[in-house]
Amino acid sequence: MTEPYDLITMGRIGVDLYPLQTGVPLAQVETFGKFLGGSATNVAVAAARLGRRGAVISRTGRDPFGDYLHQALRDFGVDDRWVTAVDAYPTPVTFCEIFPPDDFPLYFYRRPKAPDLVIRPEELDQEAIAAARIFWITGTGLCEEPSRSATLAALEARAKVGTTVFDLDWRPMFWGGEGGASGDGGAKGAAAMAAARPYYEAALRHATVAVGNVDEAEVATGLREPKACAQALLDRGVELAVIKQGPKGVLAVHRDGRTAEVPPTPVEVVNGLGAGDAFGGALCHGLLAGWELEQMMRYANAAGALVAGRLACSSAMPTADEVDAFLASR
């Protein structure tokens, strides 16, 4: 095996087709930009932009969009050896509408089934997964078989060696629900959360870090108050709980008693969809560097803010020089 990766992520990959017009309903948009997308993939790209060596475990369709994703990963310096083709299903595409500062509806085209949900346990390179300095999985990977079994098998192979991050990544429509979590009045939010929670709890037993917003933490814990959510995540087995609170900033709580509560980094929002993935890549960068919690949270916030001020997700991920300059200017 080659030298261990700094980061291996496992989960969604697809093509983002984003409007090149802001404040226009999708039905009226005339021009789109094509970008590499998918949360786990964007996190790997974000870390690569910060100088980290990473790879993605995912699957595409055997089609031109799949070819595009392989080329885009290579262009960003992310290893694509574990991104394989599925003959039966097309590469997913995702559209969004852009209504700054805080309305960015997403439209996922992942039926009859997304190839990234056809990752199989027997296909995993368990040696590489166990050796990676950070292994990153998402809640979406738990929503259907065989991806669910593969995700849990990868976590078991990992055996809590190194840092294992569970991105709570709540997408209720992938679990038979609609809208957001219960606090946002999703029509089937509560039922979808109830279906997801046992699998979230199983993954948390293998993770050392959990990261998500309050809605996502509610899926895992049944709670919504940020400090209570963080404690509940620690109680379920992680060493570090990171709760993103939007305009209230971010809360990080470590099992050893260390805490950091950092305000948001102000920015004029263009498209908020990639901010969380930039935060995730920067979080991995800080974990690998051994930073203290407050430095790590401020850096991750800044990376997320930079991407929120740009149109795209993957191609908008900042370099270390950009994040440093942005922090210095605050």
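1. Buried, in this note, means under 20% relative accessible area, exposed means over 50%, and partly exposed covers what lies in between, with a 1.4 Å probe and protein chains only. By that rule A203 is buried, because its relative accessible area is 0%. The model is a predicted one, in which local features need pLDDT of at least 70, side-chain atom pairs count only at pLDDT 80 or more, and totals for chains, interfaces and linings use all residues. Residues are numbered from 1 along each chain as its sequence is written, and side-chain values use heavy atoms, with hydrogens and water left out.

2. A203 lies in helix α5, residues 189-204, where helices (H or I, at least four residues) and strands (E, at least two) are DSSP runs numbered from the N terminus. Leaving aside residues up to four places away in sequence, A203 touches I137, L142, L152, L155 and F166, a contact being heavy atoms within 4.5 Å. G139 is 64 residues from A203 along the chain, and their C-alpha atoms are separated by 8.8 Å.

3. Helix α5 also packs on helix α6 (residues 214-221), at an angle of about 85° and with the axes 7 Å apart; axes are lines fitted to C-alpha atoms, for helices over the stretch in contact, and angles run from 0 to 180 degrees between N-to-C directions. That angle makes α5 roughly perpendicular to α6, given that 65 to 115 degrees counts as roughly perpendicular, under 35 as roughly parallel, over 145 as roughly antiparallel and the rest as oblique. M193, A196, R197, Y200, E201 and L204 of α5 meet E218, V219, A220 and T221 of α6. By class, this contact has six nonpolar, one polar and three charged residues, with Ala, Val, Leu, Ile, Met, Phe, Trp, Tyr, Cys and Pro counted as nonpolar, Asp, Glu, Lys and Arg as charged, and the others, Gly among them, as polar.

4. Helices α8 (residues 275-289) and α9 (residues 293-308) pack at about 150°, again with axes 7 Å apart, which means that α8 is roughly antiparallel to α9. On the α8 side the contact includes A278, F279 and L283, and on the α9 side it includes Y299, A303 and V307. The residues of this contact divide into 13 nonpolar, four polar and no charged. Of the 16 residues of α9, 13 are buried.

5. Within α8, A278 counts as buried because its relative accessibility is 2%. Beyond residues up to four places away in sequence, A278 touches A46, A303, G304, V307 and M317.

6. T41, in helix α1 (residues 39-49), is likewise buried, at 0% relative accessibility. Its contacts, not counting residues up to four places away in sequence, are T9, R12, I13, L36, V56 and L73.

7. Some backbone geometry deserves a check. Most residues other than glycine have a negative phi, and most peptide bonds are trans. The peptide bond from R111 to P112 is cis, with omega near 10°, and P112 is placed in the loop between β7 (106-109) and α3 (126-131). The bond from E145 to P146 is also cis, with omega near 5°, and P146 is in the loop between β8 (134-138) and α4 (147-158).

8. Positive phi values occur at A159, near 55°, and at K160, near 60°. A159 is exposed, with a relative accessible area of 51%, whereas K160 is partly exposed at 33%.
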